[in-house]
Every structure is written in structure tokens, then in C-alpha cells.
Amino acid sequence: MRDFGTTVICCTPSFFLQVVDRAQELGVDLRQLRVRVGVLGAEPWSEPMRLRIQQAAGIEAFDIYGLAEIVGPGVAGECSVHQGLHVLEDHFFPEIIDPASGRPLPDGEEGELVLTTLSKQAMPMLRYRTGDMTAICPGPCPCGRTLRRIRRISHRSDDLFIVRGVNVYPSQIESALLAVKGTLPHYQIVLTEQGDQERAEVQIEVTPEMFSDRIGVLAELEEKLTRKIGQAVGVHLDVRLVEPRTLVRSEGKARRILDQRHKVKTS
Amino acid sequence: MKIHQLSVFIENRPGHLIAPCRLLAEAGINIVALSLAETQKYGILRLIVRDWEKAKEVLGANGFRASVTEVLAVQVADRPGGLVEVLNPIVAAELNVEYMYAFATKLGDQAVLVFRFEDPDAALQALKTSSVAFVDTVELFSRLDRV
């Protein structure tokens with residue numbers, strides 16, 4: 001990025017976090033480089049994560065939305081107001097439905113995004129269920145564009161997991177993690193069962209900001225993370241601090257849930 | 001005087017302690033003092049090495065979370081009551097010892113202890129007038145070489 005004088009970077013948010021980490025390891029301050037814009041998407045990410053990325057890299061981060069089955073990136077994207085993603089409606093017709101009943105929902109209500117392609121010739125898609133949960137933003141955008149907007153994807157209809165009867169979304173855990181000061185961690189949720197007890201453990205890679213030479217400071221952080229996550233999801237999840245580069249990385253999308261239930265031998 | 005200590009995050013599981021030690025070994029870096037603090041799930045390996053900058057670089061490049069802390073190296077008479085003599089002025093100055101450990105090697109009839117204070121500069125200032133004898137990096141390593 002320094003050699004080429006890159007000004008815009010386009011990737012997934014989790015990949016960009018790897019870039020931030022790597023830059024830090026190499027002693028490169030991304031804020032000093034020419035990069036000014038990040039076009040990030042293809043996986044759900046939260047507003048606090050955007051702020052972290054913007055601060056760490058000194059860029060303006062735009063959310064984009066697309067899916068391989070339709071066209072890849074380019075179905076919808078944010079404008080400079082950052083209040084939802086404008087759907088390119090001359091090519092894609094969006095609807096929001098209740099994923100359980102399949103019935104259309106009014107603007108402003110969250111449901112599953114369904115897309116119909118209007119200009120695709122070889123392989124059109126009619127009312128394709130994306131599995132992505134969002135809502136149509138009611139009203140015009142302050143930027144002046146009349147294309148309707150969808151809210152940023154909060155989660156997929158199938159990425160929820162259930163621990164001891166409580167529905168948990170990774171995005172809730174992410175918001176809790178980011179609310180704890182000084183953390184921009186890689187994390188993974190590992191689901192296991194011991195006997196008839198289900199356990200969920202949030203594994204968090206220790207960042208330089210989190211680490212201390214004093215065990216008491218780390219113990220306090222662990223306790224705080226456990227409490228914040230518990231408050232956010234409504235059920236106790238264990239927290240484990242792990243060494244950097246421990247968790248499964250992908251070049252593409254973050255793999256947030258590792259479900260080992262029904263695979264671990266019960267004693 | 002102040003010396004530099006490396007702290008490394010390691011998980012409390014078999015095989016995790018050897019990994020950073022192996023890296024330092026391959027880089028030809030000798031560990032002159034260490035302490036290991038542990039909880040049930042993880043621990044902190046604290047090390048005193050001569051070339052701490054190189055050690056930090058090697059560990060960091062291999063994915064370890066390593067940080068540098070300034071600690072104080074203090075000479076202690078190697079006999080009953082030696083430690084009490086050092087702790088007395090520390091207590092009198094109302095300083096809290098965060099943690100401490102000892103060098104394995106003696107310097108003459110003196111043991112060397114590593115003290116971690118919240119604020120090493122303030123502790124140094126507070127203890128300057130006392131009988132506590134500090135060892136600086138240069139002196140420490142030149143004397144270790146002679147042992």
C-alpha cells in the first residue's frame with residue numbers, strides 16, 4: 001500500500017482488520033499512508049467496528065452489499081451520509097419479507113431481503129431469498145439520491161445460534177466486545193457440549209491495547225468482557241483470551257461460529 | 001536503575017511455554033531472569049534478556065503478543081534479613097510492589113531482585129535517598145558476563 005500509494009481499499013471488514021494488525025506488526029502507521037477510503041462489505045459488521053477501522057487507518061469506510069448469486073458486489077452501497085445502502089433499483093428490485101411466513105413487510109421493519117434482478121439476461125433471479133436480515137429505510141436520503149436504501153445487514157437469517165434456549169447473534173457479541181475500551185479483537189464463538197450442558201465460549205485474541213504485564217489487569221479485562229457480553233446477549237458465555245493468530249482466519253469472510261456440539265464425545 | 005522487561009502472553013496449555021523460548025533460542029538470545037504468572041486459562045511470561053529489542057521483534061514477528069515494561073533491578077544482601085532491608089524503605093515510601101522475582105545468578109555476595117512498581121520513575125525518585133542499591137543495565141550485564 002505504501003509502495004503503490006494506494007488510496008482506496010476494497011475487501012471484507014475482517015480482512016481489513018488483518019491488514020491493520022499486520023501494519024502494526026510491521027510498524028507501519030496506516031494513517032500516514034495515502035489510503036483515504038475503504039469500500040468494505042460481504043459480511044455483517046457493526047457501526048462501532050466501522051469507527052474502530054476509521055480511527056485505526058484514518059480512512060472513511062463505506063459499506064457495500066452484494067451477493068455472488070446475483071452479481072457479486074454492487075447490489076447496494078452507502079453514500080457519504082452513511083445512513084443505509086442505496087439499492088441500485090434500476091437493476092435490482094428489493095423486497096423485505098418475514099422469513100417465517102414469507103409475507104412482505106412494510107418499510108422500516110426488519111426481515112429477510114428478497115431480490116429480483118431486472119436487467120440480468122442469462123440467469124435472472126426472481127424473488128431470490130438472500131438470507132440477509134435488513135429493513136428498507138423509510139423516507140428520502142439527505143444525500144438527495146432517490147434510490148431506496150436498506151439498513152446495513154445486521155445478521156443472516158441463519159447465523160443465529162441458540163445457547164441454553166437463548167437466541168444469540170454474533171453481531172450482539174461484537175458490539176459488546178467493541179464497547180470495552182481499547183479492543184479491536186479477532187474473536188470466535190466456540191459451541192461445545194459437556195454431558196447435557198451446552199457451553200459457548202467466546203475466544204478473543206489479545207491485542208496490544210488489551211495486553212498487560214500485570215495479571216490483575218488481564219483478569220479485570222476478562223471479567224469486564226464476560227459481563228458486557230452477558231448483558232448484551234442475556235445468557236452467560238465464557239470468555240477466553242487466546243494468543244494472536246490462534247483463531248481460524250479466512251482470506252474472505254470471518255468465520256465467527258465454530259459449532260462442535262454433537263461432535264465432542266460426552267463423558 | 002530501570003531495566004527493560006519483556007512480557008509475553010501465553011495460554012496455559014501444554015506446549016505453549018516452549019514456543020516463545022524456542023524462538024529466543026533460535027535467535028541466540030539468552031534469558032537471564034524470568035518469572036511466570038498464571039491463571040487457569042493463560043499466563044504471562046516475564047523475561048529479562050540483554051537484547052530486548054531484538055527479542056521483542058522476533059516474538060512479535062512470529063505472532064506473539066509481547067510488551068516492554070520498565071522494572072527496577074535492586075541488589076539484596078544474600079543472607080537472612082537481606083530482603084527486609086530492601087523492603088523497609090519501599091514500605092516507608094508507601095510504594096506498592098506489583099510483582100517481583102529474582103535473578104538466578106548472584107553478583108558476588110549480592111542477590112539481584114527485579115521489582116515492578118506502578119510508576120518506576122516515581123519509585124526510583126522515592127528510593128534514591130534510601131539504602132537501596134539499584135543496578136543499571138550496563139552494570140548488570142557486564143557483571144553477569146564476569147560470573
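A salt bridge here is a side-chain nitrogen of Lys or Arg within 4 Å of a carboxyl oxygen of Asp or Glu. This is a predicted model, in which local features need pLDDT of at least 70, side-chain atom pairs count only at pLDDT 80 or more, and totals for chains, interfaces and linings use all residues. Residues are numbered from 1 along each chain as its sequence is written, chains are lettered from A and ligands numbered from 1 in the order in which they are written, and side-chain values use heavy atoms, leaving out hydrogens and water.

**View 1. Salt bridges between chain A and chain B.** There are 4 salt bridges between the two chains. In one of them, R214(A) meets E98(B) at 3.0 Å, N to O.

**View 2. Where the chains touch.** Chain A brings 20 residues and chain B 28 residues to the contact (heavy atoms within 4.5 Å). Together the chains bury about 2000 Å², 54% of it on carbon and sulfur atoms (accessible area, 1.4 Å probe, lost on being put together and summed over both). F211(A), D213(A) and E243(A) supply 35% of the area that chain A buries against chain B, more than any other three residues.

**View 3. An open sheet in chain A.** Here 4 strands (DSSP E runs of at least two residues) line up as 16-15-14-17 with mixed pairing (at least two DSSP bridges per pair). Strand 16 and strand 17 (257-259) are the edges, each pairing on one side only. Look for strand 14 (residues 187-194) and strand 15 (residues 197-205), antiparallel and joined by 8 bridges. Across this pair, T192(A) stands opposite R199(A).

Methods:
Buried area is the accessible area (1.4 Å probe) that two parts lose on being put together, summed over both.
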